[in-house]
Amino acid sequence: MEKIAILIETRQGEIKPSLYGVITAAQDAEHELLALAFGADTARFADQLKPYGIHHLVTITAPSARSFSNPDNRARAIIRAMDHFDIRTLFALTSLAGKDLLPRIAARLDAPLVMDCLAVNLVDSTVEKPQFSEKTIATIRVTGHHRIFGIRPNMIEPKTMPVETETVVFNYQGTADDRLEVVETRQGKSGAIDLSEAEIIISGGRGMKNGENFQILQECAQVMGAAVGASRVAVDNGWVPHSMQVGQTGTTVCPKLYIACGISGSIQHFAGMKTAGTIVCINTDPDAAMMQQCDYGIAGDLFKIIPALTRQLKAHR
Ligand SMILES: Cc1cc2nc3c(=O)[nH]c(=O)nc-3n(C[C@H](O)[C@H](O)[C@H](O)COP(=O)(O)OP(=O)(O)OC[C@H]3O[C@@H](n4cnc5c(N)ncnc54)[C@H](O)[C@@H]3O)c2cc1C
């Protein structure tokens with residue numbers, strides 16, 4: 001039975017919800033699934049992983065937990081664990097952490113790496129990946145001793161496949177590289193949830209008129225548990241930082257719900273959010289391109305609609 005590993009990512013000490021879709025991408029009755037998680041305290045995840053077909057939860061520990069703040073040490077520890085458990089295939093999220101970690105692992109293993117996969121077929125070793133700003137979907141076959149896949153967050157609907165999960169401790173004894181240490185992580189303005197992984201996003205464009213007005217989106221986002229995004233115009237005008245930009249030259253997102261406020265729907269913006277589950281557009285112009293491409297269009301002034309929406313959401317909480 002081939003062993004396949006999924007790298008567990010956490011947010012505020014809990015498994016990221018988008019990770020269950022990654023596990024689903026790796027599910028297959030023919031394979032043994034292992035979850036790799038950092039820190040002894042992650043042993044408590046076993047009960048959460050059991051319904052999704054994880055046979056073994058491997059908690060990776062080190063003599064000094066501090067050494068894992070260095071992504072290069074994390075990469076080395078994962079490679080050692082893969083070697084120890086005879087794992088040749090690794091799945092992870094195409095998240096900020098995944099983008100940092102997976103290329104390091106692939107480079108050290110000289111393994112093929114495909115990021116931002118929409119689907120994986122383990123039998124014929126192919127993946128589907130968007131190219132040219134989502135205009136085409138390429139089917140790529142990977143060959144080699146190892147294979148590493150980064151899955152687009154929220155792309156794959158989680159499915160259960162209950163098994164018994166055994167917890168194993170893997171103590172990483174390798175030499176720690178102390179040339180680099182992450183000393184501080186600051187929250188971006190898009191909110192506590194990373195834009196690329198958010199399940200709900202509310203974005204503002206030129207229609208927001210200035211940076212201060214984004215506060216009404218922040219308030220609405222807080223009630224909905226959403227992240228706040230923006231069009232390039234809002235970024236180029238200096239209203240919000242580039243980390244909030246959605247689109248071809250910004251972040252590609254795949255939320256379950258995307259609310260576009262005062263955004264016309266240029267092809268470059270659409271390229272970054274077209275795989276969203278449900279698209280809602282709030283625009284004064286009923287003929288705006290986004291109104292034609294959305295699931296629900298609200299023709300009206302966002303400065304009236306957003307505060308009303310926030311009030312209603314608060315009332316229903
Ligand atoms: C190479 C390249 C890369 C690019 N990359 C990106 C990218 O990654 N992301 C991106 O977003 N853009 C990108 N762009 C820019 C893109 O072409 C558009 O210029 C941009 O997306 C338009 O932003 P917008 O929709 O906010 O502004 P506009 O097109 O000006 O639209 C503003 C909308 O707000 C509406 N509106 C105004 N007032 C209100 C109100 N009170 N209530 C409700 N609606 C209102 C208007 O009716 C209008 O539809 C790129 C362009 C190029 C050339």
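Tutor: Start with K16 and E9: both are buried. Keep in mind that the model is predicted.

Student: What makes K16 and E9 a salt bridge?

Tutor: Their closest N and O atoms are 2.5 Å apart. The cut-off is within 4 Å, so the pair qualifies.

Student: Which other residue forms a salt bridge with K16, 3.0 Å apart at the closest N and O atoms?

Tutor: E197. Both K16 and E197 are buried.

Student: Why is the pair of K16 and E197 said to tie parts together?

Tutor: K16 lies in the loop between β3 and α1, and E197 in the loop between β12 and β13, so the tied parts are 181 residues apart in sequence.

Student: How do you know that E199 and K256 meet in a salt bridge?

Tutor: The N to O value is 3.8 Å. That passes the test, because the limit is 4 Å. E199 sits in the loop between β12 and β13, K256 in the loop between α6 and β15, 57 residues apart.

Student: Why is E199 called partly exposed?

Tutor: Its relative accessible area is 31%. Buried means under 20% and exposed over 50%, so a value in between is partly exposed. K256, at 42%, is partly exposed by that rule.

Student: What makes β1 mostly covered?

Tutor: In β1, 4 of its 5 residues are buried.

Student: Why do β1 and β4 count as paired?

Tutor: 5 bridges join them, and they run parallel. Pairing needs at least two bridges, so they count. One example is I6, whose bridge partner in β4 is A35.

How values were computed: Residues are numbered from 1 along each chain as its sequence is written. This is a predicted model: local features need pLDDT of at least 70, side-chain atom pairs count only at pLDDT 80 or more; totals for chains, interfaces and linings use all residues. Side-chain values use heavy atoms; hydrogens and water are left out. Buried means under 20% relative accessible area, exposed over 50%, partly exposed in between (1.4 Å probe, protein chains only). Helices (H or I, at least four residues) and strands (E, at least two) are DSSP runs, numbered from the N terminus. A salt bridge is a side-chain nitrogen of Lys or Arg within 4 Å of a carboxyl oxygen of Asp or Glu.
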